[in-house]
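Please look at the sequence and the structure shown below. The report after them describes how the chains and their elements are arranged.

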There are 2 protein chains.
Amino acid sequence: MRAPHGQNRRMNDTREHIEKLTDALRRAGIRVTRQRAAILEVLADAQDHPDAPELHSRANAIAPGISLSTVYRTLSTLETQGVIQRHQFDGASARFEPAETDHHDHMIDVETGKVIEFCNDRIEKLQAEIAAELGYEIVHHRMELYVRKTGQG
Amino acid sequence: MRAPHGQNRRMNDTREHIEKLTDALRRAGIRVTRQRAAILEVLADAQDHPDAPELHSRANAIAPGISLSTVYRTLSTLETQGVIQRHQFDGASARFEPAETDHHDHMIDVETGKVIEFCNDRIEKLQAEIAAELGYEIVHHRMELYVRKTGQG
DNA sequence: ACTCAATTGCGACTCATTCGCAAGAAATAT
DNA sequence: ATATTTCTTGCGAATGAGTCGCAATTGAGT
């Protein structure tokens, strides 16, 4: 199992990370407004997988007066731009994370709600094989393991 | 890849299948009403993965006058009883299927919406290993492959 | 048949998310 | 700089899936 990105990004990388993102947006003809900048910053800093209301409150801490609708709209825009990813875990509200370089799946601790990222190449390969066997190619996939710490409960 | 259940159940099995289910419910102290019987029948017959409104309309074809709330309530009850399973594919409304003996995952054709069932033991095993490695046990999991027929698009 | 808790239908409600629209910025042309 | 055009925003209203309260009904043991 490869260890995925994220967890230990140095504070310093954040700045250039954001710049890279804003540049990408501008190049796509999308204005980098005060609100979008704030939301991007929050997303770049986030070590967890926040939902829209949470992002809203964090963004407002940076740049007050951002509306929830704008957060939702921006999240959709960023998703379409491939800048972030949306996850819909088990009937809760959608949660977001920056789209990093490498793909990964999620393990959700059903007790705490904590999300752990992981990636397993053998599973990925098997998935592709299964699809191919039936004449399909994978557009995208979701794999979520809902887990509990062993030896309790 | 094991071929999963379902697809070719003979019309005849349906009757006893339903009886088995209704008995199970009664034993659990849950009344088998006209509406629940209809919904169970529809579910037992379904070869696809219908959502609540669809089940509502199919059930009403058998026993007119069933309300949508009742369908929702019954589906929740049946799910808690372990009689059916609820699936939440990619931000659409929930879809249901009878909980058959063997577990399987889903492949969704993104063009047509068609759902294909499959099961792969090696993936299941790998999932358990990954969780165990981090001190977790799997409560349940979801694996969905969103696919497209190869060689078009 | 009688009783009583479980169940239903209805409409009101929630919750996450989206939309319409007028007012407010960016980018652009002048 | 200024005007113009186009994109964005905030607000509140609207949506859509699903839930809930409640009075009326109905299974299922007695």
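## The model and its numbering

This is a predicted model, in which local features need pLDDT of at least 70 and side-chain atom pairs count only at pLDDT 80 or more, while totals for chains, interfaces and linings use all residues. Residues are numbered from 1 along each chain as its sequence is written, and chains are lettered from A and ligands numbered from 1 in the order in which they are written.

Helices (H or I, at least four residues) and strands (E, at least two) are DSSP runs, numbered from the N terminus.

## Two copies and an axis

## The interface

How many residues of chain B are in contact with chain A? There are 32 residues of chain B in contact with 32 residues of chain A; two residues are in contact if their C-beta atoms, placed from the backbone, lie within 7 Å. Strand 4, helix 5 and strand 5 of chain B are the elements that give two or more residues to the side of chain B that touches chain A. Strand 5 of chain B gives the most, with 14 residues.

By class, this side of chain B has 17 nonpolar, eight polar and seven charged residues. Ala, Val, Leu, Ile, Met, Phe, Trp, Tyr, Cys and Pro count as nonpolar, Asp, Glu, Lys and Arg as charged, and the others, Gly among them, as polar. Of the interface residues of chain B, 100% are also interface residues in chain A, so the copies meet through the same surface.

An open sheet of six strands has mixed pairing and the order 4(A)-3(A)-5(A)-5(B)-3(B)-4(B). Two strands pair if DSSP finds at least two bridges between them. Strand 4 (115-118) of chain A and strand 4 (115-118) of chain B stand at the edges, each with a single partner strand, so one side of each is left without a neighbour in the sheet. From one strand to the next, the twist averages 25°.

Strand 5 of chain A and strand 5 of chain B run antiparallel and are joined by 13 bridges. Here A:Tyr136 stands opposite B:Lys149. Inside chain B, strand 3 (residues 105-109) and strand 5 (residues 136-149) run parallel, with four bridges between them, and B:Met107 stands opposite B:Leu145.

## The hairpins

In chain A, four bridges join strand 3 to strand 4, and the two run antiparallel. A:Asp105 has A:Phe118 as its bridge partner in strand 4 of chain A. The two strands form a hairpin with five residues between them, and A:Gly113 in the turn has a positive phi of about 85°.

Strand 3 and strand 4 of chain B also pair in the antiparallel sense, over four bridges. The bridge partner of B:His106 in strand 4 of chain B is B:Glu117. Five residues lie between the strands of this hairpin, where B:Gly113 takes a positive phi near 85°.

## Helices across the sheet

Helix 5 (residues 121-133) of chain A lies across strand 5 of its own chain together with strand 3, strand 4 and strand 5 of chain B. This helix runs at about 135° to strand 5 of chain A. Axes are lines fitted to C-alpha atoms, for helices over the stretch in contact, and angles run from 0 to 180 degrees between N-to-C directions.

Helix 5 (residues 121-133) of chain B lies across strand 3, strand 4 and strand 5 of chain A together with strand 5 of chain B. Its angle to strand 5 of chain B is about 135°.

## Helix pairs in chain A

The axes of helix 3 (residues 52-62) and helix 4 (residues 68-80) of chain A come within 9 Å and cross at roughly 110°. These two helices of chain A are therefore roughly perpendicular to each other; angles under 35 degrees count as roughly parallel, over 145 as roughly antiparallel, 65 to 115 as roughly perpendicular and the rest as oblique. The contact of helix 3 with helix 4 of chain A has eight nonpolar, one polar and no charged residues.

The axes of helix 2 (residues 34-45) and helix 4 of chain A come within 10 Å and cross at roughly 70°. That makes helix 2 of chain A roughly perpendicular to helix 4 of chain A. A:Gln35, A:Arg36 and A:Ile39 in helix 2 meet A:Thr70, A:Val71 and A:Thr74 in helix 4.
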